[in-house]
Amino acid sequence: MKKQTPELPSKLKAKLKRVNKHLNKFGGKDLTEEQAMFFSWYHPCQSGFEAGSVAFDISGADYEKYSRASTRYYHWIGDALLEISYEITGIERR
């Protein structure tokens, strides 16, 4: 039996695409739809900033590059992942 995961709506797919674009800018790899959907489940974060930091880590981004990034990148990436995850799982920030 094949494992079933929900389909991301197109607006959330576009948001994930922008998240991946920013992660790639700092040497990270793309996050999959499944990683984005269950981000809050596997990585309970208290803020968008913390979620962004976790996203940089799990994407394998170059620490030397992203450690100097504007805090706006951390917040935007983290908030976007938390929103995607919330829309699919209903799990809010902790």
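**View A. Tyr-63 counts as exposed, with a relative accessibility of 52%.** The view is taken from a predicted model. Tyr-63 passes the limit for this class because its 52% lies above the cut-off of 50%. Tyr-66, by contrast, has a relative accessibility of 5% and therefore counts as buried.

**View B. Seven residues form one aromatic cluster: Phe-26, Phe-49, Phe-56, Tyr-63, Tyr-66, Tyr-73 and Tyr-74.** A pair of aromatic rings is described by how far apart the centres are and by the angle of the planes. Across the whole structure, a search finds 7 aromatic pairs. Phe-26 counts as buried because its relative accessibility is 10%, whereas Tyr-73, at 25%, counts as partly exposed. Tyr-63 and Tyr-66 also form an edge-to-face pair, with 5.4 Å centre to centre and 85° between the planes.

**View C. Helix H6 has 19 residues and spans 27 Å from its first C-alpha to its last.** This span is close to the 27 Å expected at 1.5 Å a residue. Which residues of H6 are buried? They are Tyr-74, Ile-77, Gly-78, Ala-80, Leu-81, Leu-82, Ile-84 and Ser-85. One of these, Tyr-74, is also a member of the aromatic cluster. The cover over the buried residues of H6 includes H1 and H2, together with helix H3 (39-42), helix H4 (48-59) and H5.

**View D. Gly-90 follows helix H6 and has a positive phi, near 80°.** This glycine is placed in the segment after H6. How far is Gly-90 from Trp-41 in sequence and in space? The two residues are 49 residues apart in sequence, and their C-alpha atoms are 9.8 Å apart in space. Gly-90 is partly exposed because its relative accessible area is 44%, a value between the limits of 20% and 50%.

Conventions:
Residues are numbered from 1 along each chain as its sequence is written. This is a predicted model: local features need pLDDT of at least 70, side-chain atom pairs count only at pLDDT 80 or more; totals for chains, interfaces and linings use all residues. Side-chain values use heavy atoms; hydrogens and water are left out. Rings of Phe, Tyr and Trp (its six-membered ring) pair if their centres lie within 6.5 Å; planes under 30 degrees apart count as stacked, over 60 as edge-to-face and the rest as tilted. Buried means under 20% relative accessible area, exposed over 50%, partly exposed in between (1.4 Å probe, protein chains only). Helices (H or I, at least four residues) and strands (E, at least two) are DSSP runs, numbered from the N terminus. The expected span of a helix is 1.5 Å times one less than its number of residues. Contact means heavy atoms within 4.5 Å.
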